[in-house]
Amino acid sequence: MSCAGNNTVSFSPGLSLAARRTRIGGSGAYSCLSTDPALRSGTSSISGGGRNGCFFSDATTVERITWNTGERTTVAYHGGNVQQVAGQAVVLVVGRVVKGRFKGRAVASPGLQVTVDPLRCASKGGVQLITGPSTLVIV
């Protein structure tokens, strides 16, 4: 199954040049292609935390997806790669479905989120919000 959509992810405190402990929150919305024609879309909530910076990520994140069918899927992402390059957050996280529909399957979620001000990495507050296109591939 493959989904394309948009994610918005917040970091508290914001991502800075040096990695530090952060909390992660956010949401997503996807349109999907699946072997099950009834499964067409989903929305998600994202939560987690760990050591994160503009050039390093060591976090555990959970994405709770509610499908248009009413079914739910919980994905746990351990680790991942979030790189800030010229104002773009290039994100690749790999995880596993731990609960609900597709339990036990592997998940990849690459994306490209835009930071409004790339110079914020060097500021005291850091990058607090990234948003942009994302994909969700369940195999």
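Of the 15 residues in the largest nonpolar core, which touch the most other members? They are Met1, Cys3, Trp67, Phe102, Val107 and Leu136.

## About the model

This is a predicted model, in which local features need pLDDT of at least 70 and side-chain atom pairs count only at pLDDT 80 or more, while totals for chains, interfaces and linings use all residues. Residues are numbered from 1 along each chain as its sequence is written, and side-chain values use heavy atoms, leaving out hydrogens and water.

## The nonpolar cores

A nonpolar core here is a set of buried Ala, Val, Leu, Ile, Met, Phe, Trp, Tyr and Cys residues joined through side-chain atoms within 4.5 Å. Buried means under 20% relative accessible area, exposed means over 50%, and partly exposed is in between (1.4 Å probe, protein chains only). In the largest core, Met1, Cys3, Trp67, Phe102, Val107 and Leu136 touch the most other members. At least two residues of this core come from each of strands S2 (20-33), S4, S5 (72-78), S7 and S9 (127-138). Strands are DSSP runs (E, at least two residues), numbered from the N terminus.

Apart from this core lies another, of 10 residues, including Phe11, Leu15, Cys121 and Ile130. As for methionine 1, its contacts (heavy atoms within 4.5 Å) include Cys32, Trp67, Phe102 and Leu136, not counting residues up to four places away in sequence.

## One aromatic pair

Searching the whole structure turns up one aromatic pair. The ring centres of tryptophan 67 and phenylalanine 102 are 6.1 Å apart with their planes at 85 degrees, so the pair is edge-to-face. Rings pair if their centres lie within 6.5 Å, and planes over 60 degrees apart count as edge-to-face. Tryptophan 67 sits in strand S4 (residues 56-67) and phenylalanine 102 in the loop between S7 and S8, 35 residues apart. Both tryptophan 67 and phenylalanine 102 are buried.

## Two disulfides

The structure holds two disulfides, each a pair of cysteine sulfur atoms within 2.5 Å. Cysteine 3 is joined to cysteine 32, S to S 2.1 Å, and this link is right-handed, with 105 degrees about the S-S bond. Cysteine 3 lies in strand S1 (residues 2-15) and cysteine 32 in strand S2, 29 residues apart. Why do we call cysteine 3 buried? Its relative accessible area is 1%, and buried means under 20%.

The other disulfide joins cysteine 54 and cysteine 121, with sulfur atoms 2.1 Å apart. Its torsion about the S-S bond is about -100 degrees, so this disulfide is left-handed. Cysteine 54 and cysteine 121 are both buried.

Definitions and conventions
Phe/Tyr/Trp six-rings, centres within 6.5 Å; stacked < 30°, edge-to-face > 60°. Helix = DSSP H or I, 4+ residues; strand = E, 2+ residues; numbered from the N terminus.
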